[in-house]
Amino acid sequence: MFEPLLTQPEILKLDHHSRLIVTLHESTSDFSLLQVMNGHIGEFVIVSISDDSLSVMVRLPPFLSITVEPSTADISSLLDDNRAALTRSAGQGWRLFSALGISPKMCAGQLREGLFIDVGFKSQAQFSIVQSKMWQIIALEQDNRLFHGPRELMRARALVARAVQHELKTEELLLEISELENVRSDLSTFSCSELVRRHPEISAEVTKLDAQLLRKKQWLSRSYNQSVERVSWQYSANHASINELQTRKLEYYKLLSTTAINDMVQQLIVDEE
């Protein structure tokens, strides 16, 4: 379903234990992530493996890049910790997903800093994300994330459950609004499907979710308008700007000063120009 969004396969050859670094291009907007957040943003398949070499086929969206560096992790602990690492053999693979309920802003921020994935191998390869709860490694044969119910309902529930962040900047608010509108659009299309018409309980849930998303959008839109119009959150929308206050102060100084001083100031300005 999301295959057209990925580039042609690239083969990475790893010697010894390594660290994969997935990075979002600096010139790429955070909005680019919105088109791929519905599914996986990367696919990795083991081509061959031996005691001293590992070949991995990688497919990523064009706005992501991947580099390989020597790993500084304790590989012995990585190999022993089955809870933290996914074990793969030749021919097996995994996909990289964002965790449900995580905003695109946070995911993009993580990718701009670099998402680190430690790789260790002997007869099998072990993959582990380094200190990040925003991303998940899912084995190919266990990739049933889109089948735990209708995708539109899953995304809507996750977006409703996401905590509100009051410190968002103007561009970040616009990103949140764009994501919310995409989800509501998909939910609206889903509401006209045969599945919803045949199941009243699903129709009722769609209606409730849409109402909750609408209220969240109204709050985000209000916050966005305020961030554009207001000079600062601590002032009212019609509060005078700092430049206006400084201009008024200069006018008062000019009125209270003598003509000679005003002429001297004017001459200094002319000399500077």
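Both E43 and R95 are buried, where buried means under 20% relative accessible area, exposed means over 50%, and partly exposed is what falls in between (1.4 Å probe, protein chains only). Their side chains meet in a salt bridge, 2.9 Å from N to O; the term stands for a side-chain nitrogen of Lys or Arg within 4 Å of a carboxyl oxygen of Asp or Glu. This pair links distant parts of the chain, with E43 in strand β3 and R95 in strand β7 (residues 93-98), 52 residues apart. Helices (H or I, at least four residues) and strands (E, at least two) are DSSP runs, numbered from the N terminus. All of this rests on a predicted model, in which local features need pLDDT of at least 70 and side-chain atom pairs count only at pLDDT 80 or more, while totals for chains, interfaces and linings use all residues. Residues are numbered from 1 along each chain as its sequence is written, and side-chain values use heavy atoms, with hydrogens and water left out.

The salt-bridge count comes to 8. Another of these joins D118 and R19, whose side chains meet at 2.8 Å, N to O. D118 sits in strand β8 and R19 in strand β2, so this bridge ties together parts that are 99 residues apart in sequence. Both D118 and R19 are buried. E181 also forms a salt bridge, with K217, and here the closest N and O atoms are 3.3 Å apart. Since E181 belongs to helix α4 and K217 to helix α6 (residues 200-229), the pair ties together parts 36 residues apart in sequence. E181 counts as partly exposed because its relative accessibility is 37%, and K217 is partly exposed too, with a relative accessible area of 23%.

Zooming out, the protein chain has 8 helices and 10 strands. Of its 273 residues, 40% are buried. Contact here means heavy atoms within 4.5 Å. Among contacts with a separation of 6 or more, 80% come from residues 24 or more positions apart. The chain exposes about 16100 Å², and carbon and sulfur atoms supply 52% of that; accessible areas come from the Shrake-Rupley method with a 1.4 Å probe, and for residues only the protein chains shown count as cover.

Next come the nonpolar cores, each a set of buried Ala, Val, Leu, Ile, Met, Phe, Trp, Tyr and Cys residues joined through side-chain atoms within 4.5 Å. The largest has 36 residues, and F44, L111 and F127 touch the most other members. Strand β8 (residues 115-121) gives this core its largest share, 4 residues. Not counting residues up to four places away in sequence, F44 touches L20, V56, M57, V58, L60, I66, Q92, G93, W94 and L96. A second, separate core of 16 residues includes A156, L180, V183 and V206.

L180 and V183 also turn up among the buried residues of α4, a list that includes L173, L175, I177, L187 and F190 as well. Helix α4 (residues 170-191) has 22 residues and reaches 31 Å from first C-alpha to last, close to the 32 Å expected at 1.5 Å a residue; the expected span is 1.5 Å times one less than the number of residues.

In helix α2 (residues 104-113), the buried residues are P104, K105, C107, A108, Q110 and L111. Their cover includes β2, β5 (64-70), β7, β8, β10 (135-139) and α4. M106, also in α2, is partly exposed because its relative accessibility is 30%. Leaving aside neighbours within four places in sequence, M106 is in contact with M134 and Q165. The C-alpha atoms of M106 and M134, 28 residues apart along the chain, are separated by 7.8 Å. After α2 comes G114, with a positive phi near 110°.

T28 lies in the loop between β2 (18-24) and β3 (42-49), and its relative accessible area of 12% is why it counts as buried.

At the surface, L255 in helix α7 (residues 242-256) counts as exposed because its relative accessibility is 67%.
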